[in-house]
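The notes below follow the order in which I looked things up.

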Amino acid sequence: MSDLYLYNSLTKKKELFVPIKSDSVSMYTCGFTVYDHTHIGHIKKYVGDDLVKRALQFNGYKVNHVQNVTDVGHLVSDSDEGEDKMEKGARKYNLTVEEISRKYEKEFYSTMDKMNVIRPNIVERAASDKSIAEQISNIEKLVANEYAYVTELGVYFNVAKLPNYNPFSNQNLEDKLQGSREGLITHPNKKNNADFAIWVFRKGDHANHTMHWDSPWGDGFPGWHIECSTISMANLGERIDIHTGGIDHLEIHHPNEIAQNYGICGHDVVQYWMHHNFLTVDGKKMSKSLNNFYTLEDVISKGFDPMVFRYHMLGTHYRQQLNFTWESLAGADNAYNILIDNLFLEKGRMDENGEINIDYSDKFLEAINNDFNTPQALAVMWELLRDKKVSGADRFVTVMKFDEVFGLNLKSKVENLSKSVNIALPEEIKVLVESREKARKDGDWKKSDTLRDEITSKGYLVNDTSGGQVVVRIS
Ligand SMILES: [Zn+2]
């Protein structure tokens, strides 16, 4: 296996990836809070996870991928304030919490399917009986290990018990607590402002919370952070290779997971933390009030294939902000279609079986293994497609291999194009193609060439293959 380097948010450095087991990788990705629509910002994050997973598989690792579904406990503010997002969603759409949860979970995975995102090996709902029991058991450990304390409103994690709460931040703990003391007034039930709820009682603001369970401390529901610690460790064990999320999780959610993991196990659990940057629209944060809030359905209804959107995302490194505009998507559409046409023509020229070109394959792997540099990997692909010293068949086979990482569905697009080509031909073109077929059979190459020119002048390109003529529209 060749060396793979990835940027670890903990050390803020690109590090050589050394998995715990030599041939497999355990990977946990924070899942979706299923209270509203999946938007294109979510898609960027989960396509980013998918690229990491595909790149690991390309390197020969078996990836054991676990993801949670957040269907309880994620409050409107990540720092334990406001109501549960699930309750808010249910009220907004006049549905029950269960209905809202199933509806948006379904929408999320159907969106991911359309984006060609490989489904995780295990998806676990936070509110499932199994997970709730496991979360309670972890909270019991935290209380027993004196990392957690019980208050009037719930069970809280005491961040001051840790030598370094929030290892992503350079601030020292003293400074973090300093800030929190000033904020104590707003959190009368906490010892430190950064302390967070791991179990919330069904009282006060949450007196009418729909989902609640018995616990050794009282009737209530789990906090958002404990579900990720619990679901990751329950399925992947106390040592996990990679944990991913959005950069918005660097502030609260992931430091809290690390804190809990330490309190439960007495050691760090995750080796590499990876964070995806945001998507902006027209350079601004996406929001309904700015009228720049889009879902995949919006992208599709404007005539763009989901794979065009995926291609668009590959052009920006996952740690960079992706600026989405309809113009940039149109540019991606153009490039993607040229790519498919190119591949279609290479496929047309395939009289022999192609072989993977080692030089380009090495360059591709070098790009991918340099912290998943997809813009560079795309550049390698285009360089290969332009390199006429490599045979068409080899170019085709090599790009198909690259697509195991890109996930652009190239093979089926090219096949569908070949199916649609002959069906879509207008009568006039069909007649010319048939006459040319006859001329070729008769060995009348001059007539065949004249007919080819005539077909080209009418906006179609004819290409001779071992399987006969194939025709594509060029204008
Ligand atoms: Zn999480």
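Which residue of strand 16 stands opposite Leu 279? I found Leu 322 there. Strands here are DSSP E runs of at least two residues, and helices are H or I runs of at least four, both numbered from the N terminus.

Ground rules first. I am working with a predicted model, in which local features need pLDDT of at least 70 and side-chain atom pairs count only at pLDDT 80 or more, while totals for chains, interfaces and linings use all residues. Residues are numbered from 1 along each chain as its sequence is written.

Entry: Two strands pair if DSSP finds at least two bridges between them. The sheet is open, has 3 strands in the order 15-14-16, and its pairing is mixed. Strand 15 (284-285) and strand 16 (322-324) are the edge strands, each pairing on one side only.

**Entry: the whole chain.** I noted 16 helices and 18 strands. The C-alpha atoms fill a box of roughly 95 × 50 × 40 Å along the principal axes. Of the 475 residues, 43% are buried. Buried means 20 or more other C-beta atoms within 10 Å of the residue's own, exposed means 12 or fewer, and partly exposed is in between, with C-beta atoms placed from the backbone. I also looked up contacts, which need C-beta atoms, placed from the backbone, within 7 Å. Among contacts between residues at least 6 apart in sequence, 71% join residues at least 24 apart.

**Entry: domains.** The chain is divided into domain 1 (5-276), domain 2 (281-418) and domain 3 (424-473). These bounds come from an automatic or database domain assignment. Taken over C-alpha atoms, the centres of domain 1 and domain 2 are 32 Å apart. Their contact takes 24 residues from domain 1 and 24 residues from domain 2. On the domain 1 side, strand 1 (5-8), helix 1 and helix 3 (97-114) each supply at least two residues. Helix 1 gives the most to that side, with 12 residues.

**Entry: cores.** Which residues have the most contacts inside the largest nonpolar core? I listed Phe 157, Ile 198 and Ala 377, in a core of 109 residues. A nonpolar core is a set of buried Ala, Val, Leu, Ile, Met, Phe, Trp, Tyr and Cys residues joined through C-beta atoms within 7 Å. Helix 1 (residues 40-58) contributes the largest share of this core, 8 residues. The core draws at least three residues from each of domain 1 and domain 2. Another core lies apart from it and has 6 residues, among them Leu 451, Ile 455, Val 462 and Val 471.

I then checked Phe 157 itself. Leaving aside neighbours within four places in sequence, its contacts include Leu 142, Tyr 147, Phe 196, Ile 198 and Gly 263.

Helix 4 (residues 129-144) has 16 residues and should span 22 Å at 1.5 Å a residue; its end C-alpha atoms are 23 Å apart, which agrees. The expected span is 1.5 Å times one less than the number of residues. Glu 146 follows helix 4 and has a positive phi, near 60°.

**Entry: two covered strands.** In strand 3 (residues 24-29), 5 of the 6 residues are buried. Strand 3 pairs with strand 4 (residues 62-69) in the parallel sense over 6 bridges, and Tyr 28 stands opposite Val 66 in strand 4. In strand 13 (residues 270-276), 6 of the 7 residues are buried. Strand 12 (residues 240-246) runs parallel to strand 13, joined by 6 bridges, and Ile 242 stands opposite Tyr 272.

Technical notes: Two residues are in contact if their C-beta atoms, placed from the backbone, lie within 7 Å.
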